[in-house]
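Have the sequence and the 3D view open side by side. The paragraphs below go through the two chains and the place where they meet.

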Amino acid sequence: MPGKLKVKICAGRHLPVMDRASDLTDAFVEVKFSNTTFKTEVYPKSLNPQWNSEWFKFEVDDEDLQDEPLQITVLDHDTYSANDAIGKVYIDIDPLLCSEAATVICGWFPIYDTIHGIRGEINVSVKVDLFNDLNRFRQSSCGVKFFCSTSIPKCYKAVVVHGFVEELVVNEDPEYQWIDRIRTPRASNEARQRLISLMSGELQRKIGLKVLEMGGNAVVGYLQCFDLEGESGLVVRAIGTACTLDKISNTSAAQLPACNSPSKEIKEAPFSEDPNPNTYSSGPSTPLKNQTYSFSPSKSYSRQSSSSDTDLSLTPKTAKSPKGPRISLCPSSPTLSSDFPTLINPFQLHLGSGTTHSLTPPHSGHASPLVLRKSVSFSEDLLLAASGMGSGGSAGKDGGHLKTLLRQQTQSALEQREFPFFTLTSFPLGFLIHAGGVVSARSVKLLDRIHNPDEPETRDAWWEEIRQEIKSHAKALGCHAVVGYSESTSICEEVCILSASGTAAVLNPKFLQDGCLDCYSENRLSRQPTFFSTGSEKGEFDFFLQSKDSSSMLGLEDTSPPSCGFCHIPYDELNMPFPAHLTYCCNCRRQKVPDVLFTTIDLPVEAAVTGRGCLIQARLCRLKKKAQGEANATAISNLLPFMEYELHTQLMNKLKLRGMNALFGLRIQISVGENMLVGLASATGVYLTALPAPGGIQIAGKTPSDIAYEQHISNIQKKINDTVSRNKELYEIHPLEISEEVIGSPIPEPRQRSRLLRSHSESSDEVSELDLSHGKKDAFVLEIDDADAVEDILSLLTDAPLPTGFYSCNTENMPGIHNWTSSIQMFTTVRVFRLNNVNLTNQGLNKSFNDLCENLLKSLYFKLRSMIPCCLCHLNFTVAVPEDELIQVAATAVAMTFDKDQAQEILKSNTAPMKAISENEEQLQFPMELSSDSPSVQTFPPSKGFLENASPQTIQGTSRATSVDYSSFADRCNSWIELIKLKAQTIRRGSIKTTPSLDKASPLAEGHLRLRSTPSCTDSTVTVVKMTPLSFIPGAKIIKYLGIINMFFIRETTSLREEGGVSGFLHTFIAEVFAMVRAHVAALGGNAVISYIMKECVFMENSNKNQAQCLINVSGDAVILIRESEQEGVPIQTHGSTSQTPQSGGAPVS
Amino acid sequence: MDSNEVKMSVELDVFVGNTTIMDEEVYQLWLDGYTVSDAVSIRMKSGILEQFGTTEDVLESDTMDHYRTFQMTERLLHHPSKLVNQVLFQIPPHRQAMLIERYYAFDEAFVREVLGKKLSKGTKKDLDDVSAKTGITLKSCRRQFDNFKRVFKVVEEMKGPLVENVQCNFLLSDKLARDYAAIVFFANSRFETGKKKLQYLTFEDFAFCACQLIQNWTVGAVDNMVEDMDVDLDKEFLQDLKDLKILITDKDMLDQHKSLVCTGLRGKIQVFNEMEGNFKNLSRGLINIAAKLTNTKDVRDFFIDLVEKVIEPCKADRWLISDVRAFLTQYTNSARALDGFKYVQSS
């Protein structure tokens, strides 16, 4: 189906002087799309040409529209010789293909040249006329929305979360083609830029097709990367989570629950045919639930559960799966666990708490056989052990058998998927039940030339292999899904390390069931539209209240509250996949929790946290002999497990040192260079209230030879203890220690109360209680047996403390800070260090690398000191080893200031749920609809608890501007859901509900209006565009997503010294990249980029030749923001010079 | 362990903010022409290391970043309207205003050296002397000189009020725009300000004079619609001034004028006797200066002449400033009352 692309070239400004004689330029423009080219007239002798061209029209099919970028070239006309190119603009027109994104691209674009950088700007307008029948969208992937954000975009709700989509395309790298020897660097760079742009388009189209196939309409958490494999080619690959998103609009009254779950299960559920949702689950669930309580002796757990779950597909698979336990790093590596018992030692903690009688119901499914533990390979073991331990029987949430059944259904739904992976890192409330721990896999591959670009099978197979491993690791942890999933590569010459990691998780089966109900009731209601439209809203609300009351009356309160549920272990405690120290959840006292929890996801907003979080980094360098081919790959493979282990040990130590017990947003990057491997793990440490207080770190000298040595040891011990207590003060970690008798008490106290209690305790300093916990817990023992160990421990203490007023994290949310002000500062920093010592040792190297990272952090703190009190969010370092003795560290993060004084208030308001509910319409919908559509909550505990806890959550949600959507999976019966959705939408259109917070007529129009209405005294025609790596901007509300920004630039210079050396060159380039991103966003009508990341920054230099080259790939979501509070007055778009005195005025605002 | 110490050197170190971070203190150091290492040591002396618990490396890296940023912005600062419309740096408007204002700010010591001089290459070459004399770094001198020259070039041929032209083109504050107008005006007429006798005068004094001259003696002062208005003195007016000579050449006129002035000032000034005794000399001095102004050379000497012929005699007689003001007012008004001068009033 063709579309018509229309382009108009209006004017240029600030053009460079191309004719030295006249100091002027005779500029004209070539507009190229696919194979068609148009030209404007030459506008003679001007640096600010006014072409005002006609609308150039391209008639193209939509495949081209998706793949091809619009290419605009500005040239200087020369009568006698060849025309000189001034520069180019590539415009991705994808946002115009989606009806919900931008409608027109119009604005000033920087004219970019790969040699000279930005050379003036050009004003371009682009429109697309699509022949807009609905069928077209079914046939092609035009219209599929893409989001970089790893959470459900704010103004959408997820109707269905379909799951993992991936694709990769390969091609020859133009830089390595023979023709490159004869063409200019500029031509070569442009060929590369164009190719990557084309490949990105193609990739996005292909992913889009997959999404459509799955029945989705959007990709969330879209991450596209490219691998420069040198001689062997160029790979562009992408992963994402396919979803069906519904725009939350003010016109649709009854917003149907988003958690439409897989329709497949509904048919299997015996009661799903029941037309009355009220009666639907109440009958069977209650008795089952009671029955649950009778399974008190813990020893029978596994038996009970396994016998009742014999039909579970997962269980046998896990047991037999040969892949799960296999070493994840390199298939050829031997299993190392037996060789290094001491290394594993720190993690081998006793399973003491298992004997306590409790109400813990049987863990329904994941009875991982004991054998598993033995076969778990070294690295695997470490990963699992360290990352630990996960979550607890979801069975605790509800009746055992019913639950089992539900879980079974969920699982089978997930089983259907090849990879039950989700690139999301934060989820709709209730989506995530348990997080089992980090799963990761690495594999070392030798690159070979990609012979046939149309069949990228090798690369596909490689990733397939890795994903399979991840999947089986997740199973070993008793989890059926992986969330917070990501993939990366590191390439050096012909060796490539492929890495994947994620968090094993159990997703809410009950939630899915609710979804079914929703679908069901929707279906039913849609047949009786009158009933629906008249009664639905009121009914919803009634149900809400009613269900709340009745459930609390009934006191069926054994549900895991969302504030701790995700911490509960998902695996069977007697058949644990690895040794772990389990205790009862300190929050609900019912479920088992591990002593530490490592995850790759963001801290769930509902999680109960004590104190504040902080960035924790583990850094490591390992020397490696230079080698070629197979030998090199083997050497790397052999090193990897050690590196993983050491990184985990470091993380664990640093975590304990801060008195914390959980890591979120864990990213472990291992980069390969010719003579070394560099590992960097970043995560945000927190004290999860649900998890036990971490024991201190205890130093044990292995060979206590003399008194001096003993003295030394005790000195270190003292230092460590001091640091721990200092950190506890710093991060305000003062957990309330609940007395012993509460633990045993089977009487559940109302959730609200306990939450209140908890939040009070957060601010109270109960030092004596704290000490108690110290004595009770097992200390984490570090054995000093050699100099290395001493060094390691000392290095622990060298992490400089954060300057006062600063906090840092690498996740979206900073635990303990909610009251952000609107002042933000996004930045990119890059450093390259040269190691000068010829005789490198591991230890020296480590220390240097550690210093390097510490210094970089120190620099950031110093630079941003004017923003105090502030938090550096999303502070993720990426390391690379570009050359022999070079280490490159890059980071893109945002500094956000917060209001210290309001901290306490916010905390208090968290406990007053009703207030917040009225605050935010979007979030109100959720509990209401849930209750009406699944009235079974009265008897179905989990949703009750869920509901009740949803209220405090709502507040957190509003204060953090995180959307509360919910979603589930559907695979088989998508079409069926689609049908219902369509009907439901029809109904929705009928009813009217005004939503004050969304009552802005046309967001886009408004945005434009504001742009236009800038006071005329303003000189600037440049829109202020905010950028952030997070998915929100504090104090502002996202009213429209305009499409994805995915840009790739190359910059090269042959006059490095003249451009200020390497730093000057890169500084300019990064500033230019920012400028181009901002210009594109502004042209789309936006005023902010969220989820911005710099995915690639490849820098190469040759100072002797005075040359340097750099490639940067960035992406993000373009959005329109409005200020949340009107009293703050000036809309963001009035960028103009408010403080600039009127006399500065002159040029009218275009 | 020490043998394991790996020497690391920073090859590349950049920090780029979406909103360009600019430290005013470092900006000032950069404007003042300090090198990075000088700037670092100056910053260290301010106790910044202790205050923020940081190290010299960090300070150096920060200073370098800032210097790079400033160097990159400098070409934009040359055309402030470009800075406002550029896309490379996202700078909030009030910061832009600060950058521009500070960039165009100048040192009193420097401007006194250059005021009234031709803004030519020759003058620029002599800047090292200026630098040595004033203690202002050569780099800073050059920036200030280039600013003068740039502003001069842009507004020199422009129609309309000088101050407004400066302000529109360089987005400066009122005060700074007026100062630049003075600098341009002085440079255009090449008023001599460097003579020893003029040293006691501040730039402020000259700027005030310039402002008065622009308001009263230029073409623009008379007719806004005429081209080339504010920069040049009104030739016609200067020509007309020659007619004033009658006040000193015609004996009757002189006496009449003197008596009118004396009548008016009697009892009103402390130095009445001195004034009365010196009236002829003072009037002659004033009128001669006025009558010579058609001569470019004499225009240049305008201020030195004023000092020598008017101010110094007054000073010698210990006139008060109020006395001078009263005298000059009376002097002007009385002249207008003279028969031969009726037409002056009408014009």
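Chain A holds 31 helices and 31 strands. Keep in mind that the model is predicted. Of the 1150 residues of chain A, 66% count as buried. Its contacts also reach across the sequence. Take the contacts in chain A between residues at least 6 apart in sequence: 83% of them join residues at least 24 apart.

Four strands make up an open sheet, in the order 9-11-12-10. The pairing in this sheet is mixed. Its edge strands are strand 9 (145-146) and strand 10 (156-171) of chain A, each of which pairs on one side only. Strands of a sheet pair through backbone hydrogen bonds, and the pairing can be parallel or antiparallel. Strand 9 of chain A runs parallel to strand 11 (residues 218-228) of chain A, with 2 bridges between them. Within that pairing, Lys145(A) has Ala218(A) of strand 11 as its bridge partner.

Now turn to the interface. Contact involves 70 residues of chain A and 50 residues of chain B. How much area is buried between chain A and chain B? The figure is about 5,100 Å², and carbon and sulfur atoms give 58% of this area. On the side of chain A, Phe862(A), Lys863(A) and His1067(A) lose the most area to chain B. Together they account for 16% of what that side buries.

Polar links cross the interface too. There are 22 residue pairs in polar contact between chain A and chain B, counting pairs with both residues at pLDDT 80 or more. Several elements of chain A give two or more residues to the side that touches chain B, among them strand 8 (117-130), strand 27 (886-898) and strand 30 (1088-1102). Helix 24 of chain A gives the most, with 13 residues. By residue type, this side of chain A divides into 28 nonpolar, 28 polar and 14 charged. Salt bridges across the interface number 5. In one of them, Glu11(B) pairs with Arg834(A), and the closest N and O atoms are 3.1 Å apart.

Strand pairing also joins the two chains. Strand 25 of chain A and strand 1 (residues 8-17) of chain B run antiparallel, joined by 9 bridges. Here Leu835(A) stands opposite Met8(B) of strand 1 of chain B.

Go back to His1067(A), one of the residues named above for the area lost to chain B. His1067(A) sits in helix 31 of chain A. Is His1067(A) buried or exposed? The relative accessible area is 2%, so His1067(A) counts as buried. Sequence neighbours within four places aside, His1067(A) is in contact with Val14(B), Phe15(B), Val16(B), Asp65(B), Arg68(B), Thr69(B) and Met72(B).

Finish inside chain B, at helix 11 (residues 162-170). Which residues of this helix are buried? They are Leu162(B), Asn165(B), Val166(B), Gln167(B) and Phe170(B). What covers the buried residues of helix 11 of chain B? The cover includes helix 5 (80-85), helix 6 (93-104), helix 10 (138-156), helix 12 (174-189) and helix 13 (203-217) of chain B. Leu171(B) follows helix 11 of chain B, and its phi is positive, near 50°.

Technical notes:
Residues numbered from 1 in each chain as written. Chains lettered and ligands numbered in written order. Predicted model: local features only at pLDDT ≥ 70, side-chain atom pairs only at ≥ 80, totals over all residues. Heavy atoms only, no water. Contact = heavy atoms within 4.5 Å. Buried area = accessible area lost by both parts, 1.4 Å probe. Salt bridge = Lys/Arg side-chain N within 4 Å of Asp/Glu carboxyl O. Polar contact = N/O pair within 3.5 Å; in protein donor to acceptor, adjacent residues only side chain to side chain. Nonpolar A, V, L, I, M, F, W, Y, C, P; charged D, E, K, R; others polar. Pairing = 2+ DSSP bridges. Buried < 20%, exposed > 50% of the residue type's maximum accessible area, 1.4 Å probe, protein only.
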